[in-house]
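Hi,

Here is the structure I promised to pass on. Have a look at it first, then read my notes below.

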Amino acid sequence: MGKIVGTGSLIVDIAGYAPHLPVDGETTLGSTLKLGPGGKGSNQLTAAHRAGAEVRIISKIGKDFLADIMLSHYKNEGMSTEYIGISETGETASAIIEVNEQTAQNRIIVIKGANDEVTVGDVLKAEKDFADCDVVLTQLETSFESILACKELAQKYNKPFVLNTAPFQEVPDGLIEGCDYITPNETEASFFSGVPVNTVEDAKKAADVLLKKDVKNVIITLGKMGVYFKNMAEEYFVPAIEVDAVDTTGAGDAFNGGFATALSEGFAIPDALRFATCVAALSVTKKGTSPAMPFKEEIYALFHKEYGIDLNEKYGRS
């Protein structure tokens with residue numbers, strides 16, 4: 001079992017589903033409303049936990065009813081809350097999500113709340129877990145100082161540092177440079193490289209720019225097309241798996257959690273990319289984000305079906 005640690009957001013998703021999304025000034029009648037645990041960090045580590053990894057998230061919540069939703073999720077999943085702090089003033093973060101039932105596409109507004117209060121000190125409290133983990137995984141929904149602290153501890157203990165550059169925003173100098181892995185989507189890759197990314201060939205050009213910024217491995221997720229990987233020695237493209245999508249909201253998070261898990265288990269890069277692709281594909285077949293993350297048995301079964309490889313046999317697991 002691999003171990004993954006890092007800062008990550010805890011956000012309650014407030015998701016409304018409708019036949020189409022409203023234009024400005026329009027009111028659309030929806031079909032259902034769901035409240036549930038989310039946040040990029042929590043989604044990714046939930047995906048990793050369900051995929052078989054041991055996880056530790058460093059984050060904060062407020063003193064409100066939304067906090068109860070997050071803590072209940074961690075209790076039900078059997079995930080550690082050791083490094084989840086309580087803010088005295090900040091609210092538990094929330095995300096307002098609109099989902100088009102016809103296309104499964106979404107629009108999201110995120111209120112970061114207490115996530116922005118995660119400090120360097122909070123990260124340092126978990127230093128013993130950085131020392132014995134296999135992968136450090138972070139995103140951009142906590143304070144930048146906490147993300148940089150994770151990077152520094154990953155480097156101190158020679159652990160792979162995986163940065164998911166989402167949600168889309170500018171970052172401080174020095175955050176991307178020297179990363180072991182970055183995982184932007186098309187929009188983020190375009191922004192950080194200056195190369196518009198619409199095709200696999202575009203992704204290759206963007207990856208070349210990012211590699212020149214001292215990023216060691218670039219993984220660009222391309223939505224329905226698939227995922228492109230490149231470093232200085234090799235490159236891969238893994239097509240997306242076709243499924244009947246219900247809700248694509250947490251697909252990127254599923255991919256990142258799956259990839260970090262595979263990396264922590266010592267999978268070869270091509271298998272890690274395929275594994276993450278399976279996790280993402282399964283996640284969009286259910287509504288929600290964290291609750292939609294698939295379990296290890298489902299992932300292994302889809303991997304065998306799609307690629308003809310038994311991961312238990314290949315990696316010597318029973």
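**What I found**

Let's start with contacts across the chain: counting those between residues at least 6 apart in sequence, 68% join residues at least 24 apart. Keep in mind that this is a predicted model.

Now the overall build. The protein chain has eleven helices and 13 strands. Its C-alpha trace spans about 50 × 45 × 45 Å along the principal axes. How does the radius of gyration fit with a compact globule? For 318 residues such a globule would come out near 20 Å, and the protein chain has 18 Å, which agrees.

Of the 318 residues, 55% count as buried. The protein chain exposes about 13400 Å², and carbon and sulfur atoms supply 52% of that area. As for charges, there are 29 positive and 45 negative ones, and their mean positions are 3 Å apart.

Is Ile-97 buried or exposed? Its relative accessible area is 5%, so Ile-97 is buried, as the cut-off for buried is under 20%.

Which residues does Ile-97 touch, leaving aside its neighbours within four places in sequence? Ile-97 is in contact with Asp-13, Ile-14, Ala-15 and Gly-16, with Asn-106, Arg-107 and Ile-108, and with Thr-249. Val-200 is 103 residues from Ile-97 along the chain, and the C-alpha atoms of the two are separated by 29 Å.

Cheers

Note on methods. Residues numbered from 1 in each chain as written. Predicted model: local features only at pLDDT ≥ 70, side-chain atom pairs only at ≥ 80, totals over all residues. Heavy atoms only, no water. Helix = DSSP H or I, 4+ residues; strand = E, 2+ residues; numbered from the N terminus. Rg over C-alpha atoms; globule rule 2.2 N^0.38 Å. Buried < 20%, exposed > 50% of the residue type's maximum accessible area, 1.4 Å probe, protein only. Contact = heavy atoms within 4.5 Å. Areas by Shrake-Rupley, 256 points an atom, 1.4 Å probe, with all protein chains shown as cover. Lys, Arg positive; Asp, Glu negative; His and termini not counted. Charge placed at Lys NZ, Arg CZ, Asp CG, Glu CD.
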